Amino acid sequence: MAPNAAAEEEDAAELKLGPDFEKAKCLMNSEVAVILERKYEQIQQLPDPASQVSQVFEKSLQYVKRFSRYQNPNAVKQVREVLSRNQLAEFEVCVIGNLCPDTLEEAKALVPSLAKRSKSDDDEEDGITDEKIEQMLQDLATIKKFE
Amino acid sequence: MFWEITIKRTIVLQPSMLHGDFINFSSALLTQLLDEVTNLKCSEDHGYYVTPTAIENVEQGKVRPITGVVAFPIQFKCIVFKPYVKEILDGEVKKVVRRGCFLSSGPLDEIFLHETMMNGCHYYQNESTGACLFKNEQQGFEIKEGTILRFQLIGIRWVEEQRVFKALGSINGDFLGCINEFDCVQ
């Protein structure tokens, strides 16, 4: 019944992301858009570019172009910086960067692993408090405004 | 979610690619790698292979007997899209049917949202045009072709024969459902 025991245990809410992904680099949609657009231009330089663009590539490019919250590559860099200041997991950074929650409640609902860790506000060990999350969301809103 | 991971593969170059007055080795290797990634398409462990971003290491090639092809073990970085259970994604409605609707999020384009996974939504069909949609009268939104939804993946199934993932979604939950579209680029 269970062909792959590891896959059965994967769970985004618990940050169980699979063996190959624990140390991998997670990318926000906006970052993927920057990379894929550059890549697309590179592929156009190759002989016979049409056959080199796979369906998966095309669908991904369309998707990230449509669902990127930040267009300007500099803004994308700033977002990554703001989010990396706190001790968030790579996956959490990218979920927040993609979904752009406006409020603390929304952030906690969309990133359940965040809610679990920020329960006790005085506990500095895990490095994230409600105030820090709110500050982070404000910083992101500011970047969006001045992009 | 998109990731950048490191993958090891063996790339095989045909003798014809290594022949001629002007051999552009790195271009031949890159072309072959792009082909390889396109053919891989998707795997259960890594998800959808989008594109290789950088070749990190190329080992000494080995000539294979009889065919004369040269095999190069290489290590490269690749962007992949891997879906997770309970992950929250944005996606577009592709089609509405009687029992629910089909959504797509990038390469993951077979996500089914069953009518029981959208509380308060009722099915309507325009008899003259045949157009159908789900309507939530309480919260005042409609789900039809092209609607942008924020949903949670509640189940994922790997289909080996087609090398794709099929998924089930749900918009029952806080902050899920229709999202303000002006945030997105058209």
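Me: How much of chain A counts as buried?
Reply: Of its 147 residues, 35% count as buried. Buried here is 20 or more other C-beta atoms within 10 Å of a residue's own, with exposed at 12 or fewer, partly exposed in between, and C-beta atoms placed from the backbone. This is a predicted model, where local features need pLDDT of at least 70 and side-chain atom pairs count only at pLDDT 80 or more, while totals for chains, interfaces and linings use all residues. Residues are numbered from 1 along each chain as its sequence is written, with chains lettered from A and ligands numbered from 1 in the order in which they are written.

Me: Which strand of chain B does β1 of chain A pair with?
Reply: Residues 25-27 of chain A, its β1, pair with β1(B) in the antiparallel sense over 3 bridges. A:Leu27 stands opposite B:Phe2 there. Pairing takes at least two DSSP bridges between two strands.

Me: And how many residues does each chain put into the contact?
Reply: Chain B gives 34 residues and chain A gives 40. A contact is two residues with C-beta atoms, placed from the backbone, within 7 Å.

Me: Which parts of chain B supply its side?
Reply: β1 (2-13), α1 (25-40), β3 (47-58), β5 (70-81) and β6 (88-97) of chain B each supply at least two residues. The largest share, 5 residues, comes from β3(B).

Me: How does that side of chain B divide into nonpolar, polar and charged?
Reply: It's 17 nonpolar, 7 polar and 10 charged. Nonpolar covers Ala, Val, Leu, Ile, Met, Phe, Trp, Tyr, Cys and Pro; charged is Asp, Glu, Lys and Arg; the others, Gly among them, are polar.

Me: Switching topic, what domains does chain B get?
Reply: Domain 1 is 2-81 and domain 2 is 88-183. Those bounds come from an automatic or database domain assignment. The C-alpha centres of the two domains of chain B lie 37 Å apart.

Me: What does β12 of chain B pair with?
Reply: β12(B), residues 148-159, pairs antiparallel with β6(B) over 5 bridges; B:Leu89 has B:Phe151 as its bridge partner. β14(B), residues 177-178, joins β12(B) through 2 antiparallel bridges.

Me: How many residues sit between β12(B) and β13(B)?
Reply: There are 4 residues between them in the hairpin, and B:Arg163 in the turn has a positive phi of about 50 degrees.

Me: What's the strand order in the open sheet of 3 strands?
Reply: The order is β9-β10-β11 in chain B, with antiparallel pairing. β9 (121-125) and β11 (141-143) of chain B are the edge strands with a single partner each, so one side of each has no neighbour in the sheet.

Me: Where does B:Asn136 find its bridge partner?
Reply: In β11(B), at B:Phe141. β10(B), residues 132-136, and β11(B) are joined by 3 bridges and run antiparallel.
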